[in-house]
Number of protein chains: 2
Amino acid sequence: MAKRVRLSPDARRAQLIDLGVQMLATRTLEDLSVEALAEQAGISRGLLFHYFRSKQEFHLEVIRASARELLERTAPDESLAPLDQLTTSLSAFIDYVTENHDAYVSLVRGAASGDETVRQVSDETRTEMANRVLKHLDVLGLPADPRTEIAVRGWVAFCEEAVISWLSGPDAPVLPRADLLALLADALPGVVLNVDPQWLADLS
Amino acid sequence: MAKRVRLSPDARRAQLIDLGVQMLATRTLEDLSVEALAEQAGISRGLLFHYFRSKQEFHLEVIRASARELLERTAPDESLAPLDQLTTSLSAFIDYVTENHDAYVSLVRGAASGDETVRQVSDETRTEMANRVLKHLDVLGLPADPRTEIAVRGWVAFCEEAVISWLSGPDAPVLPRADLLALLADALPGVVLNVDPQWLADLS
């Protein structure tokens with residue numbers, strides 16, 4: 001019989017955070033109780049506090065790990081053409097939010113906690129996603145100016161809300177996934193570049 | 001000497017909620033303590049709980065009143081042309097967020113509370129803002145379909161984040177207010193209509 005593997009405290013802590021991230025896929029942060037985690041991990045509530053000083057610390061680490069996973073999964077593949085990098089990242093983003101809906105809502109809205117540090121993780125994640133676009137403005141044919149910076153940050157929020165809306169329809173999403181992907185990608189030049197002159201002409 | 005006016009319990013409660021909304025302009029919901037409110041109102045902490053069953057109930061009422069104020073101040077003037085309704089509403093929106101920054105962040109992100117009902121108020125406010133546009137799609141020259149519904153909800157989130165970004169620069173906002181207003185208004189057709197074919201042609 002194989003000996004049971006003894007994990008180092010750091011490895012055990014990482015394992016508990018992983019478990020928390022998995023559990024967060026289908027429940028909000030406030031519903032991720034220390035009791036539920038201890039039960040899933042097969043350890044006592046008391047032992048859990050050997051690895052985390054408080055519920056707040058545990059929640060913060062879970063949100064941090066979620067944010068890291070999101071950023072890793074949506075990292076642009078720099079070997080692709082700029083427009084393909086954008087659509088590939090956005091496609092991975094749709095998949096991530098679909099698979100981790102509740103975790104994502106917790107992350108984006110920072111809603112599950114009045115904790116300043118949780119909100120900071122949300123903000124930093126959004127900033128990193130905006131920066132990925134802002135780094136490549138020239139190859140994307142978009143102007144580098146203060147207006148674009150604000151527009152791109154707004155566009156990240158647009159993508160967040162669009163995917164959450166798409167998933168939260170009363171039944172199955174009414175828009176095909178490919179159309180959602182096109183909506184997200186097209187919205188980037190849509191918000192940064194000038195408005196379609198034909199639309200304004202038709203409206204006047 | 002004039003007699004001191006005795007307010008009815010309902011009027012007193014409304015006055016306390018108003019005071020809470022004012023205090024929220026410059027602090028987040030979690031920093032809006034019952035102690036600070038009682039002090040501002042010149043009443044005891046105990047008396048405050050005569051009007052609100054709990055801190056949660058008080059916070060919920062303050063957020064509700066903030067949401068109502070936002071929606072009232074940005075209500076479209078139906079006597080104007082559709083495009084003017086849009087820009088007038090957006091202009092009022094920029095002013096509201098500028099004057100009530102912290103209250104607005106609390107409202108939008110629902111960040112200050114893990115409370116489900118607070119989050120509901122945030123969601124309903126966003127839905128109402130989206131519906132104002134969705135009601136007028138025909139006169140705005142925009143197609144009425146599932147893609148537009150998702151795009152308009154995303155656009156509301158875009159506007160929220162763009163104004164918050166605009167305000168949170170290290171110094172004074174670098175973009176003139178008129179340009180921010182144009183950015184928000186132009187982003188609506190920008191996300192709903194198809195991408196500028198010239199941009200795609202230049203990029204390919």
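Predicted model: local features only at pLDDT ≥ 70, side-chain atom pairs only at ≥ 80, totals over all residues.

Entry 1. B:Glu160 and B:Arg126 form a salt bridge, with 2.5 Å between the closest N and O atoms. I then checked where the partners sit: B:Glu160 is in helix H8 (residues 146-167) of chain B and B:Arg126 is in helix H7 (residues 116-134) of chain B. The two are 34 residues apart, and the pair links distant parts of the chain.

Entry 2. The search of the whole structure gives 22 salt bridges over all chains.

Entry 3. I took up another pair in chain B. B:Glu57 makes a salt bridge with B:Arg13, and their closest N and O atoms are 2.6 Å apart. B:Glu57 belongs to helix H4 (residues 55-73) of chain B and B:Arg13 to helix H1 (residues 9-24) of chain B, so the bridge ties together parts 44 residues apart in sequence. Is B:Glu57 buried or exposed? Its relative accessibility is 15%, so B:Glu57 counts as buried, the cut-off being under 20%. B:Arg13 has a relative accessible area of 23% and is partly exposed.

Entry 4. I went on to B:Glu99 and B:Arg73, whose side chains meet in a salt bridge at 3.1 Å, N to O. B:Glu99 lies in helix H5 (residues 82-99) of chain B and B:Arg73 in helix H4 of chain B, so this pair ties together parts 26 residues apart in sequence. B:Glu99 is partly exposed at 48% relative accessible area, and B:Arg73 is partly exposed at 33%.

Entry 5. I turned to chain A as a whole. Chain A has ten helices and zero strands. Of its 204 residues, 51% are buried. Among the contacts in chain A with a separation of 6 or more, 68% are between residues 24 or more positions apart.

Entry 6. I checked the span of helix H4 (residues 55-73) of chain A. Its 19 residues reach 27 Å from first C-alpha to last, close to the 27 Å expected at 1.5 Å a residue. The buried residues of H4(A) include A:Glu57, A:Phe58, A:His59, A:Leu60, A:Leu70 and A:Leu71.

Entry 7. I looked at how helix H7 (residues 116-134) of chain A packs with helix H8 (residues 146-167) of chain A. Their axes come within 9 Å and cross at roughly 120 degrees. That makes H7(A) oblique to H8(A), and the crossing is right-handed. Among the residues that meet are A:Arg126, A:Ala130 and A:Val133 in H7(A), and A:Val152, A:Arg153 and A:Glu160 in H8(A).

Entry 8. I finished with B:Val152, which is found in helix H8 of chain B. What does B:Val152 touch, not counting residues up to four places away in sequence? The list is B:Ala130, B:Val133, B:Leu134, B:Leu188 and B:Val192. B:Val152 is buried, with a relative accessible area of 0%. I also took its distance to B:Ala38: B:Val152 and B:Ala38 are 41 Å apart in space, C-alpha to C-alpha, and 114 residues apart in sequence.

Terms used. Residues numbered from 1 in each chain as written. Chains lettered and ligands numbered in written order. Heavy atoms only, no water. Salt bridge = Lys/Arg side-chain N within 4 Å of Asp/Glu carboxyl O. Helix = DSSP H or I, 4+ residues; strand = E, 2+ residues; numbered from the N terminus. Buried < 20%, exposed > 50% of the residue type's maximum accessible area, 1.4 Å probe, protein only. Expected span 1.5 Å × (residues − 1). Axes fitted to C-alpha atoms, helices over the stretch in contact; angles between N-to-C directions. Parallel < 35°, antiparallel > 145°, perpendicular 65-115°, else oblique. Left-handed = near helix turned anticlockwise from the far one by under 90°. Contact = heavy atoms within 4.5 Å.
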